Amino acid sequence: MREEALISGLRALYEGAGFRAYRMRKFEEYSLYLENRDFLLSDFVITFSDMSGRLLALKPDVTLSIVKGSRATKSQGEKVYYLENVYRLDERTHEYREIRQMGLEALGDIDEVQTLEILTLAIRTLQNINNESVMDVSHMGLIKPLISISGKKTQREIMEAMRFKSVSALNAAMENASLPEENKHALKALCTLEGDFEKGINALKELSNDAGYQAAVLEMRVIFEGLKAMNLEKRVRLDFSIANDLRYYTGVVFQGYIPSAHRTVLSGGRYDGLSQKFLRGVGALGFALYLNDLENEMTPAAHADALVVYKEGANAGEALKKANELRQKGLSVRIEKAGADTSKYSIVVEV
């Protein structure tokens, strides 16, 4: 598949669901990222000063810009999709990367219907790339009630242990924490619980009687039943190592994978904690697809619609004549000497 074809297909998918295209500038005031740095994947941001002395930054994130500029209310929501570049430090190479990403955001009254729609669009997005794709799903509402009475340091340690699925690190983090034994037991169960969505939901229900926890379990069941109704339940798995910042993420979180990529290619979640800093009472849910990480799925695009190949000693005028005949039919035409790679072209003419 060519990237242009993928993007065109995703545009049609998102616009068909009523999302409008959103465009933004390449930079924002640095203070936006400084004040919300915990929401970012990295603290390292490329900054520069404009002629008036304002400190600006190349945007490391699209969501912040969308939320900041949104006029959504709880009764009048907003749904947008985007194709943008962001600039982040790669943790493996320690070099800045320009990352091309496509995604969407929904702001407003985010109920179970809206949540199911976004998850379905995320699954469809992955299917557009590779039919063997899969998505892992978690819910911050299952974790937050279990650790909310502990200190911030303990919370960070527990979340870090969950990310690495390390029971030993989790036990160490909880050792001196003032958590009920029921909560500790539930956290250890969540740390190792992964795989089949339906079996996992049944197991989740028995772990805690907390009202907030049970509300999250119910939402996960509604999501599963909705996906099942659309024959998409086999596309999702439970995995509670997807654990994001509790101050920002408040509901379902998810990550998408394809067989040919070595990292997450899609990530998203509900982030009411961020949206309500800018828009009172407004919920938010969205995801981003990282196009840079799809290289193994993408077929290099041909330089033109057709290729005119000429042999050594061929008549130059004849070669140009053949090319012009094709161009008059509305085709783009490349002229190359014999020996050029012809596999990318649908039309090849020899002179």
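Which residues do ring pairs link into a cluster? The cluster takes in Tyr-14, Tyr-81, Phe-254 and Phe-287. Everything here comes from a predicted model, in which local features need pLDDT of at least 70, side-chain atom pairs count only at pLDDT 80 or more, and totals for chains, interfaces and linings use all residues. Residues are numbered from 1 along each chain as its sequence is written, and side-chain values use heavy atoms, with hydrogens and water left out.

Let's start with the rings. A pair of aromatic rings is described by the distance of the centres and the angle of the planes. Rings of Phe, Tyr and Trp (its six-membered ring) pair if their centres lie within 6.5 Å; planes under 30 degrees apart count as stacked, over 60 as edge-to-face and the rest as tilted. The structure has eight aromatic pairs. In one of them, the centres of Tyr-14 and Phe-287 sit 6.3 Å apart with the planes at 70°, so this pair is edge-to-face. Tyr-14 belongs to helix H1 (residues 3-16) and Phe-287 to strand S12 (residues 283-290), so the pair ties together parts that are 273 residues apart in sequence. Helices (H or I, at least four residues) and strands (E, at least two) are DSSP runs, numbered from the N terminus. Tyr-14 and Phe-287 are both buried; buried means under 20% relative accessible area, exposed over 50%, and partly exposed in between (1.4 Å probe, protein chains only).

Next come the charged side chains. A salt bridge is a side-chain nitrogen of Lys or Arg within 4 Å of a carboxyl oxygen of Asp or Glu, and the count comes to 20. One of them joins Arg-100 and Glu-3, at 3.1 Å from N to O. This pair links distant parts of the chain, with Arg-100 in strand S6 (residues 96-108) and Glu-3 in helix H1, 97 residues apart. Arg-100 is partly exposed at 31%, and Glu-3 is partly exposed at 25%. In another salt bridge, the closest N and O atoms of Lys-165 and Asp-239 are 3.2 Å apart. Here Lys-165 is partly exposed at 31% relative accessibility, whereas Asp-239 is buried at 8%. Arg-270 and Asp-272 also form a salt bridge, at 2.9 Å between the closest N and O atoms, and both are buried.

Finally, there is a network of salt bridges linking Arg-25, Glu-28 and Lys-68. Leaving aside neighbours within four places in sequence, Ser-65 is in contact (heavy atoms within 4.5 Å) with Tyr-22, Met-24, Glu-28 and Tyr-33. With 4% relative accessibility, Ser-65 counts as buried.
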